[in-house]
Amino acid sequence: MSNLSLEEKLTDIRNRMDRACKKSDRNPNDVKLLLATKTVSAENINHTLALGETLIGESKVQELTEKFPLIRTEQAESHFIGHLQTNKVKKVIDYVTCIHSVDRLKLGNRLHRLLTESGNKLDILVQVNTSYEESKFGVAPDDALHLIKQLAKLDTLNIKGLMTIGKFSADPDEARKCFRLLKSIQEEVQAENIPRVEMDVLSMGMSGDLEIAIEEGSTMIRVGTAIFGERMYPDSYYWNEQKQVIDE
Ligand SMILES: *Cc1c(COP(=O)(O)O)cnc(C)c1O
């Protein structure tokens, strides 16, 4: 961790968001900040909530279930942003109000079955693999519309928009391409006027590329490192590890 306090780092992020909004002539109220809290202790999460933040996102089921009972969530909303195996859905749905990583029908069906049993509904985003990297999760861009049409038939799921992870590259245009692609899929879906499908949320942009994401239309950035410091594990621990698991 650098010696800036959590409060100063949050201020810094808010300033970066404001500058990016100004540059692209957007209203700062239209871009939400979600704190990506993987590996962050419940104590530090509570600290950021006490500073006025209201939106947190966990990436691992185990961390969610361990930390959640210790987090003061009365004022906050919790989302799930990591890859979700169908056999772990049950552990997640009681804790969160939105899942960003729905990328296959099997997961949608599983959510629908459990939500039907409990009589609840849930907001979801459809994750798209806009970088076409083997290692990343998400539905292929060409298949996104079809998946959304299938998911739209499951009336316990409120489809609110799309999520993606931009390509990591020294060339910022690589990430920009990903964000533009997500935006174009949003427009493609909107043009279809699918009943019950809202497409207002674009969850894209992280510590390193949030400005580009905002310029390209992000309505929710997910920030971890720039606020909480470097993590002990590489992101591949969160993003690739289960890619080997046959879950379809
Ligand atoms: C960890 C994570 C983030 C935050 O990434 P940083 O680079 O630490 O800001 C955003 N989205 C997802 C899905 C993540 O797993």
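Which residues touch the most other members of the largest nonpolar core? In this predicted model, they are Ile99, Leu111, Ile148, Leu151, Ile159 and Leu162, and the core to which they belong has 43 residues. The largest share of this core, 6 residues, is supplied by helix 7, which covers residues 172-192. Apart from it lies another core, made up of 22 residues, including Leu10, Ile214, Val223 and Ile227. As a general background, nonpolar side chains in soluble globular proteins tend to be buried together.

**Inside the largest core**

When its neighbours within four places in sequence are left aside, Ile99 is in contact with Phe80, Leu84, Val92, Ile93, Leu111, Leu122, Asp123, Ile124 and Leu125. One of these partners, Leu111, is itself listed with Ile99 among the core residues that touch the most other members.

**Around the ligand**

The ligand is surrounded by 12 residues, of which the closest are Lys38, Ser207, Arg222, Thr225 and Arg231.

| Residue | Distance to a ligand oxygen atom |
|---|---|
| Lys38 | 2.5 Å |
| Ser59 | 3.5 Å |
| Ser207 | 2.5 Å |

Taken alone, the ligand exposes 390 Å², and the protein buries 96% of that area.

Is Arg16 buried or exposed? Its relative accessibility is 15%, and because buried means under 20%, Arg16 counts as buried. Leaving aside neighbours within four places in sequence, Arg16 is in contact with Ser207, Leu210, Glu211 and Ala226.

**Residues in loops**

Most residues other than glycine have a negative phi. Against this background, two residues of the model deserve a careful look. Tyr132 is not a glycine, and yet Tyr132 has a positive phi of about 55°. Tyr132 is placed in the loop between strand 5 and helix 6, and with a relative accessibility of 54% it counts as exposed. Asn193, which is likewise not a glycine, has a positive phi of about 45°. The loop that holds Asn193 is the one between helix 7 and strand 7, and at 65% relative accessibility Asn193 counts as exposed.

A further loop residue is Gln75, found between helix 3 (61-67) and strand 3 (77-80). Because exposed means over 50%, Gln75, at 67% relative accessibility, counts as exposed. How far apart in space are Gln75 and Ser24, from C-alpha to C-alpha? The distance between Gln75 and Ser24 is 30 Å, while in sequence they are 51 residues apart.

Technical notes
Residues are numbered from 1 along each chain as its sequence is written. This is a predicted model: local features need pLDDT of at least 70, side-chain atom pairs count only at pLDDT 80 or more; totals for chains, interfaces and linings use all residues. Side-chain values use heavy atoms; hydrogens and water are left out. A nonpolar core is a set of buried Ala, Val, Leu, Ile, Met, Phe, Trp, Tyr and Cys residues joined through side-chain atoms within 4.5 Å. Buried means under 20% relative accessible area, exposed over 50%, partly exposed in between (1.4 Å probe, protein chains only). Helices (H or I, at least four residues) and strands (E, at least two) are DSSP runs, numbered from the N terminus. Contact means heavy atoms within 4.5 Å. A residue is near a molecule or strand if one of its heavy atoms lies within 4 Å of it. A polar contact is a pair of N or O atoms within 3.5 Å; within protein, one must be able to donate a hydrogen and the other to accept it, and residues adjacent in sequence count only if both atoms are side-chain atoms. Accessible areas come from the Shrake-Rupley method with a 1.4 Å probe; for residues, only the protein chains shown count as cover.
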